[in-house]
Amino acid sequence: MDFPCFDIERNGVRVHGRIGGRGEPLLLLHGHPQTHLIWHRVAPALAERFTLVALDLRGYGDSGRPPADPEHANHSKREMALDALAAMRHHGFERFGILAHDRGARVAHRLAADHPATVQRMLLLDIAPTLAMYEHTSEAFARAYWHWFFLIQPPPLPEALIASDPVRYIRSVMGGRHAGLAPFAPEVMAEYERCAAIAGTAESICEDYRASAGIDLDHDRADIAANARLQMPLRVLWGAHGAVGNCFDVLALWRERADLVEGRALPCGHYVPEEAPGELLAEALDFFAPLTPSSSSKGSRP
């Protein structure tokens with residue numbers, strides 16, 4: 001992704017990203033254990049139609065690693081969503097679309113729930129709602145997503161095991177899925193490995209997942225109790241060879257939380273942007289086509 005980098009700071013945490021392209025704003029959020037470079041195969045074509053803002057989530061990539069706290073609030077999806085909102089406002093965008101994968105898609109869900117007026121439409125990749133996935137966990141899902149249950153164990157054991165060999169952790173998690181390591185460009189994989197070795201990464205990864213199994217679920221339950229539903233158009237895509245689509249009724253679970261839901265499986269595994277970039281690009285261009293200059297409260301980049 002040959003776009004200019006930027007860094008902002010929010011509450012003492014650095015938020016790193018890249019911005020490029022022309023047209024209406026589109027926020028890109030990556031998943032675990034990767035960085036904003038997951039979009040490298042679709043970003044050039046998307047940038048012909050949209051202004052892309054691709055972020056590294058806190059705890060990942062070259063963004064900051066905030067300290068752990070007893071409630072895991074520093075790594076909650078609510079805080080990550082505020083990072084993303086601050087980055088978009090820094091560039092003058094008050095309303096925007098979101099394309100997000102995995103952990104980033106959970107951040108996107110929280111951003112849309114907490115700040116619905118900012119999100120025009122949202123395309124999420126290979127997730128069902130977090131609370132639903134925990135409540136409907138099966139043996140098959142637990143075996144496929146073993147890291148969900150390993151990373152939430154009390155410190156310092158998970159952190160110590162990851163930090164002892166972060167490259168091995170990255171390759172074990174990413175290579176253990178449908179397509180192995182074949183989909184990942186060597187230079188991009190090298191960046192994932194570099195960032196995994198940054199001090200504090202192991203702690204942040206664990207805190208991210210501990211938050212998802214704790215405070216994030218509290219926020220989700222509060223939404224459900226208030227009957228707060230997503231109102232913006234939502235498209236969800238998942239890998240036909242991945243655990244999410246095989247273990248959950250993805251569309252049914254999203255329709256419990258949102259009013260305007262569509263989606264389908266793509267011929268790939270979990271890492272949709274790198275395994276099926278052509279199919280994803282077609283879906284994204286179709287879904288975000290309704291965005292027009294008049295629908296954004298701030299102007300697009302020239």
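1. **What you're looking at.** Residues are numbered from 1 along each chain as its sequence is written, and side-chain values use heavy atoms, with hydrogens and water left out. Keep in mind that this is a predicted model, where local features need pLDDT of at least 70, side-chain atom pairs count only at pLDDT 80 or more, and totals for chains, interfaces and linings use all residues.

2. **The overall picture.** The protein chain has 15 helices and eight strands. Helices (H or I, at least four residues) and strands (E, at least two) are DSSP runs, numbered from the N terminus. With a radius of gyration of 18 Å, close to the 19 Å that the globule rule gives for 302 residues, the protein chain is as compact as a globular protein of that length. (The radius is taken over C-alpha atoms, and the rule is 2.2 Å times the number of residues to the power 0.38.) Along the principal axes, the C-alpha atoms fill a box of roughly 50 × 40 × 40 Å.

3. **The sheet.** Two strands pair if DSSP finds at least two bridges between them. Strand β7 (residues 234-239) runs parallel to β8, and six bridges join them. For one of the residues to look up, take Val236, whose bridge partner in β8 is Gly263.

4. Angles run from 0 to 180 degrees between N-to-C directions, and axes are lines fitted to C-alpha atoms, for helices over the stretch in contact. Contact means heavy atoms within 4.5 Å.

5. **α2 against α3.** The axes of α2 and α3 come within 8 Å and cross at roughly 80°. That makes α2 roughly perpendicular to α3. (Angles under 35 degrees count as roughly parallel, over 145 as roughly antiparallel, 65 to 115 as roughly perpendicular and the rest as oblique.) On the α2 side you'll find Lys77, Arg78, Met80, Ala81, Ala84 and Leu85, which meet Arg103, Arg106, Val107, Arg110, Leu111 and Asp114 in α3. Sorted by class, this contact of α2 with α3 has six nonpolar, no polar and six charged residues. Ala, Val, Leu, Ile, Met, Phe, Trp, Tyr, Cys and Pro count as nonpolar, Asp, Glu, Lys and Arg as charged, and the others, Gly among them, as polar.

6. **α7 against α10.** Here's another helix pair: α7 (residues 157-164) and α10 (residues 201-212) pack at an angle of about 140°, with their axes 8 Å apart. That makes α7 oblique to α10. Pro158, Glu159, Ile162 and Ala163 of α7 make the contact with Ala202, Glu203, Cys206 and Arg210 of α10. By class, the contact of α7 with α10 has five nonpolar, no polar and three charged residues.

7. **Backbone spots to check.** His32 and Pro33 are joined by a cis peptide bond, with omega about -5°. You'll find Pro33 in the loop between β3 and α1 (43-46). Another cis peptide bond joins Pro155 and Pro156, with omega about 10°, and Pro156 lies in the loop between α6 (146-150) and α7. Now look at phi: His72 has a positive value near 60°, though it is a residue other than glycine, and sits in the loop between β4 and α2. Asp126 is not a glycine either, yet has a positive phi of about 60°; look for Asp126 in the loop between β6 and α4 (130-135).
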